[in-house]
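Visitor: I have a structure open and would like to go through it with you. Can we start with one of the loops?

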Amino acid sequence: MTGAVFAGRFAGKVLVVTGAAQGIGRAVALRAAAEGGRVLFVDRADFVSDVAAEAGRDAAAFTADLETWDGAHAAMAHAADIFGGIDILINNVGGAIRMRPFVEFEPAQIDAEIRRSLMPTLYCCHAVLPHLLARGGGTIVNVSSNATRGIHRVPYSAAKGGVNAITQSLAMEMAGQNIRVVATAPGGTEAPPRRIPRNAEGDSEAERAWMAEVVEQVKQSAFMRRYATIEEQAAPILFLASDEASYITGSVLPVAGGDTG
Ligand SMILES: NC(=O)c1ccc[n+]([C@@H]2O[C@H](COP(=O)([O-])OP(=O)(O)OC[C@H]3O[C@@H](n4cnc5c(N)ncnc54)[C@H](O)[C@@H]3O)[C@@H](O)[C@H]2O)c1
């Protein structure tokens with residue numbers, strides 16, 4: 001289910017959704033478009049243009065590597081160029097690349113986790129601010145994780161702790177300029193098989209075993225003892241993005257079946 005639930009909720013709004021080619025970002029972007037928004041689907045995977053095409057004529061796609069300063073700034077500039085401004089940014093790019101006990105991580109692997117799950121949000125927040133200020137205000141929704149308390153992905157946990165810090169500090173700094181900054185912290189979420197794997201090198205046998213331990217820890221940490229659906233993650237992201245959440249800023253909303261991360 002990615003269709004409209006609240007018809008017209010995003011009418012007149014321009015949204016940028018990062019990591020929109022698959023998973024949670026795809027669902028958020030398609031539903032925002034179905035609810036009346038003009039949406040730029042941003043991803044580094046080329047097939048993001050096919051996904052944007054599903055959304056119809058008020059959507060467009062942009063390919064960029066958001067782990068780079070230039071990619072983040074080019075994506076925001078493109079949205080403002082084709083849609084005349086930006087109202088809402090959903091920073092969804094991220095995701096743990098490898099599951100392994102911290103002692104097993106190599107330096108390059110630690111850096112890769114920080115680049116994937118912290119830098120796109122940091123760069124995109126910086127890149128979007130001039131566009132939101134030009135509009136007289138706007139909203140940033142960051143997609144964090146309950147993995148700020150969890151096993152076998154400490155570098156990713158640290159990156160998402162950074163995302164929470166960006167959310168609170170930037171919200172404090174920008175509140176006087178009518179800019180809200182909020183986040184959700186998803187728990188484990190069922191997804192269809194990924195067209196783009198998190199780990200391009202493929203998981204080793206040991207990593208698959210450590211992943212099984214993570215799944216068990218995540219389920220045990222949730223009161224509900226189950227994973228979320230993608231739609232259960234998209235819905236609170238879009239609530240926080242909407243004017244219904246106009247008095248919420250600096251908050252990180254756990255969406256993890258009772259786990260608070
Ligand atoms: N799926 C879960 O169980 C879960 C749980 C907690 C938090 N989250 C968070 O939710 C968000 C989405 O997760 P998902 O499982 O849907 O992700 P995913 O890995 O299925 O998809 C991520 C998308 O981002 C794109 N992407 C990755 N790096 C990029 C880059 N440098 N530049 C541009 N695009 C890039 C990928 O191409 C892909 O389309 C992430 O931030 C993740 O940390 C997910």
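Guide: Start with asparagine 178, which sits in the loop between α6 and β6 (179–186). Keep in mind that this is a predicted model.

Visitor: Is asparagine 178 buried or exposed?

Guide: Asparagine 178 counts as exposed, because its relative accessibility is 53% and the cut-off for exposed is over 50%.

Visitor: What is the phi of asparagine 178?

Guide: Phi is about 65° there, a positive value, although asparagine 178 is not a glycine. Arginine 225 is another residue other than glycine with a positive phi, near 55°.

Visitor: Where does arginine 225 lie?

Guide: Arginine 225 is in the loop between α7 and α8. With 46% relative accessibility, arginine 225 counts as partly exposed.

Visitor: New topic. How many salt bridges does the structure hold?

Guide: There are 14 salt bridges. In general, side chains of opposite charge can pair when their charged atoms come close.

Visitor: Let's take one. Which residue does arginine 9 form a salt bridge with?

Guide: The partner of arginine 9 is glutamate 35, and their closest N and O atoms are 2.8 Å apart. Arginine 9 is in the segment before β1 (14–18) and glutamate 35 is in the loop between α1 (23–34) and β2 (38–43), so the pair ties together parts that are 26 residues apart in sequence.

Visitor: And are arginine 9 and glutamate 35 buried or exposed?

Guide: Both arginine 9 and glutamate 35 are buried.

Visitor: What does glutamate 54 form a salt bridge with?

Guide: Glutamate 54 pairs with arginine 26, with 3.1 Å between the closest N and O atoms. Glutamate 54 belongs to helix α2 (residues 48–55) and arginine 26 to helix α1, so this pair links distant parts of the chain, 28 residues apart. Arginine 26 is partly exposed, at a relative accessible area of 27%.

Visitor: Which residue meets arginine 98 in a salt bridge?

Guide: Glutamate 207 does, at 3.7 Å from N to O. This pair also links distant parts of the chain: glutamate 207 is in helix α7 (residues 205–221), arginine 98 is in the loop between β4 (88–91) and α4 (107–117), and the two are 109 residues apart.

Visitor: Why does glutamate 207 count as buried?

Guide: Glutamate 207 has 4% relative accessibility, so it counts as buried, the cut-off being under 20%. Arginine 98 also counts as buried, at 9%.

Visitor: Which residues are linked in a network of salt bridges?

Guide: The network links Arg44, Asp65, Glu67, Arg115 and Arg116.

Visitor: Now the ligand. Which residues around the ligand come nearest?

Guide: There are 28 residues around the ligand, and Asp43, Asn92, Tyr156, Arg194 and Arg198 come nearest. In the side chain of aspartate 43, an N or O atom is 2.6 Å from an oxygen atom of the ligand. The side chain of lysine 160 has an N or O atom 2.9 Å from a ligand oxygen. For glycine 95, a backbone N or O atom lies 3.1 Å from an oxygen atom of the ligand.

Visitor: How much of the ligand's accessible area does the protein cover?

Guide: The protein covers 94% of the 840 Å² that the ligand has on its own.

Visitor: And what is the shell around the ligand like by class?

Guide: The shell has nine nonpolar, eleven polar and eight charged residues. α1 and α6 (154–174) each supply at least two residues of that shell.

Visitor: Back to loops. Where is the place of threonine 249?

Guide: Threonine 249 is in the loop between α8 (230–241) and β7 (252–255). Threonine 249 is partly exposed, with a relative accessible area of 35%.

Visitor: What does threonine 249 touch?

Guide: Not counting residues up to four places away in sequence, threonine 249 touches Ala171, Ile179, Arg180, Val181 and Val182. A polar atom of the threonine 249 side chain lies 3.0 Å from the backbone nitrogen of valine 181. Alanine 183 is 66 residues from threonine 249 in sequence, and their C-alpha atoms are 8.8 Å apart in space.

Visitor: Last one. What does the side chain of serine 221 reach?

Guide: The side chain of serine 221 reaches the backbone oxygen of glutamine 217 at 2.8 Å. Serine 221 is in helix α7. Leaving aside neighbours within four places in sequence, serine 221 is in contact with Arg149 and Asp259.

Key. Residues numbered from 1 in each chain as written. Predicted model: local features only at pLDDT ≥ 70, side-chain atom pairs only at ≥ 80, totals over all residues. Heavy atoms only, no water. Salt bridge = Lys/Arg side-chain N within 4 Å of Asp/Glu carboxyl O. Helix = DSSP H or I, 4+ residues; strand = E, 2+ residues; numbered from the N terminus. Buried < 20%, exposed > 50% of the residue type's maximum accessible area, 1.4 Å probe, protein only. Near = heavy atom within 4 Å. Polar contact = N/O pair within 3.5 Å; in protein donor to acceptor, adjacent residues only side chain to side chain. Areas by Shrake-Rupley, 256 points an atom, 1.4 Å probe, with all protein chains shown as cover. Nonpolar A, V, L, I, M, F, W, Y, C, P; charged D, E, K, R; others polar. Contact = heavy atoms within 4.5 Å.
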